[in-house]
Amino acid sequence: MATHPHPPGSDSPAKFSDDAWVEVLSAMDRTYADLVSYQEQLERQNAELQEMRTFLTAILSSVSDVLIVADRGARVARVSRSVEALTGAGEAALGGRPLVGLFAEAAREAVEATLARVRDSRKGAQVEAELLAAGGVEPLDLWVAPRLDDRGRVDGFVLTGRPLGALRKAYAELSESHDALKTAQAQLVRNEKLASLGRLLAGVAHELNNPISFVYANAHALERYAGKFETYFARVQEGASREELIALRQELRLDREVANLRTAIEGAREGAERVRDIVEDLRRLSSDGSGVAVVFDLAQTARTAAEWVMRGMKQPVVLTIETEPVQVLGRPGHVQQVVMNLVQNAVDALEGQAGAAIRLTVRPDGDRAVLTVSDNGPGVPEALRPAIFDPFFTTKPVGRGTGLGLSISHKISEEHGGTLTLCDAGPGACFRLYLPRAEGGA
Ligand SMILES: Nc1ncnc2c1ncn2[C@@H]1O[C@H](COP(=O)(O)OP(=O)(O)OP(=O)(O)O)[C@@H](O)[C@H]1O
Ligand SMILES: [Mg+2]
């Protein structure tokens, strides 16, 4: 400021020159200007500070995650609105309290250890700790970061975190619905297996019933004949007279029974052979599952498959089969399943329809074998055509169809290097299966 030895207002104004006054006035001007600019600077800084404070407050009140700022001594400095909501205490009440005090007794050691680690390493660390919340404890997944000053020293901590309860709940809900989906899917597959097993068993039971009752009736007759012969031979043994034996033979009608004996034995054998064939069929149906590819007659396999489905069926449907032998290479069990699915679908589509008819054809076509299954049912609506081969696509009521039949059949046809398509022939539905022919029956 003024450096003059005689400041204005001293008792020697007379000695004060004009120049000196000018200098004083300009010094005052400068000082005033300095003050004004200083004040402006202060106001600017104040505005900036105010803005910063608003900004910080906005952040602290808007973050949904937990945010706690602590000083160098690990005392609470600021907390987010979410912390206030969780703890039920305002920032004013929390401020200045030791940070570890916010957490449940059991978690304090871990929090303290983490703070020490962050202080020493000057790197962030993660810790799980239970916050003392208004309604009990709230487990948090916390990230503890150091606050560094200009010289890189730890000046405090910033804790951010998210309630684990919410995370766990979301995860539990997710895995719960995932589990439910898996269970439902498994149930569907099981239903499908049970349904086809049921159809098969109905066919088996029906088919076995005939020959077995045949065997049973014949065995019964054989037992009766055996009784008669025993009576006769007992008399022979006892030395009965010739006349008596002739009379006994007539009485027991032994001559006729000898002929019947043959018929009964043949009948029983036929029945047993029929049972053996059925069992053979069943073995073929179940065993070729993942077996090696063999050359087989598609016509024969298709016939067997179609007949199996028709056996288990209760409604009246006329099945026409027109086949020519054609050798293909593959797994007969799988191909049989395709035909069974196609015929079963046709049967289902024809339910309750008068004059229901299914036509199965197999014939060679160049280097391919072609099989068609057509019916005079309602057909597949245009809008559904792209979807019917999708897994689980079904128009049948729950428990009736799983929608796996066509998708499995499609997969099997592809595995055989063939195709399965819906053909355009109307008015009902028509499916066509192409399979490559086996070369020279090799
Ligand atoms: N011959 C057909 N006539 C009319 N619609 C058919 C015929 N075949 C299949 N569809 C339609 O295609 C859908 C899918 O058939 P797919 O065989 O894949 O499953 P599904 O028969 O419904 O059930 P699943 O075969 O598992 O018992 C059927 O629900 C049906 O709507
Ligand atoms: Mg089906």
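A salt bridge here is a side-chain nitrogen of Lys or Arg within 4 Å of a carboxyl oxygen of Asp or Glu. With that in hand, Arg 235, Glu 238 and Glu 244 can be described as linked in a network of salt bridges. What I am showing is a predicted model.

Let me start with a sheet. It is an open sheet of five strands in the order E2-E1-E5-E4-E3, and the pairing is antiparallel. Which strands sit at the edges? Strand E2, residues 76-79, and strand E3, residues 125-133, each pair on one side only. From one strand to the next, the twist averages 30°. As background, the strands of a sheet pair through backbone hydrogen bonds, either parallel or antiparallel.

Now one pairing in that sheet. E3 is joined to strand E4, residues 136-148, by nine bridges, and the two run antiparallel. If you want a place to look, find Ala 125, which stands opposite Val 144 in E4.

Which helix lies across E3 and E4? That is helix H4, residues 105-121, and it also lies across strand E5, residues 154-163. H4 runs at about 140° to E3.

Next, helix H6, residues 242-252. Leu 245, Leu 248 and Leu 252 in this helix are buried. What does the face turned away from the buried side carry? It carries the exposed residues Arg 242, Glu 243 and Gln 250. Just after H6 comes Arg 253, with a positive phi of about 50°.

Moving along the chain, strand E12 covers residues 430-436. Five of its seven residues are buried, so E12 is largely enclosed by the rest of the structure. Strand E10, residues 368-375, is joined to E12 by seven bridges, and they run antiparallel. Within that pairing, Val 373 stands opposite Phe 431. Strand E11, residues 419-422, is also antiparallel to E12, with four bridges between them. There, Leu 420 has Leu 433 as its bridge partner.

How many aromatic pairs does a search of the whole structure find? It finds two. One is Tyr 232 with Phe 233, an edge-to-face pair at 5.7 Å centre to centre, with 70° between the planes. Tyr 232 counts as buried, at 11% relative accessibility. Phe 389 and Phe 431 also form an edge-to-face pair, at 6.3 Å centre to centre and 80° between the planes. Phe 389 lies in the loop between E10 and helix H10, residues 405-415, while Phe 431 is in strand E12, so the pair ties together parts that are 42 residues apart in sequence. Both Phe 389 and Phe 431 are buried.

Back to the charged pairs. Side chains of opposite charge can pair when their charged atoms come close. The structure holds 13 salt bridges, and I will go through some of them.

In one of them, the side chains of Arg 72 and Asp 155 meet at 2.9 Å, N to O. Where do these two residues sit? Arg 72 is in the loop between strand E1, residues 66-71, and E2, while Asp 155 is in strand E5. The pair links distant parts of the chain, 83 residues apart. Arg 72 is exposed, with a relative accessible area of 54%. Asp 155, at 24%, is partly exposed.

Another salt bridge joins the side chains of Arg 359 and Glu 322, again with a separation of 2.9 Å, N to O. This pair also links distant parts of the chain: Arg 359 is in strand E9, residues 357-365, and Glu 322 is in strand E7, residues 318-323, 37 residues apart. Arg 359 is partly exposed, with a relative accessible area of 37%. Glu 322 is partly exposed too, with a relative accessible area of 37%.

The last one I will show is Arg 249 with Asp 255, where the closest N and O atoms are 3.4 Å apart. Buried or exposed, how does Asp 255 count? At 53% relative accessibility, Asp 255 counts as exposed. Arg 249, at 36% relative accessibility, counts as partly exposed.

That is the end of my part.

Note on methods. Residues are numbered from 1 along each chain as its sequence is written. Chains are lettered from A and ligands numbered from 1 in the order in which they are written. Side-chain values use heavy atoms; hydrogens and water are left out. Two strands pair if DSSP finds at least two bridges between them. Axes are lines fitted to C-alpha atoms, for helices over the stretch in contact, and angles run from 0 to 180 degrees between N-to-C directions. Contact means heavy atoms within 4.5 Å. Buried means under 20% relative accessible area, exposed over 50%, partly exposed in between (1.4 Å probe, protein chains only). Rings of Phe, Tyr and Trp (its six-membered ring) pair if their centres lie within 6.5 Å; planes under 30 degrees apart count as stacked, over 60 as edge-to-face and the rest as tilted.
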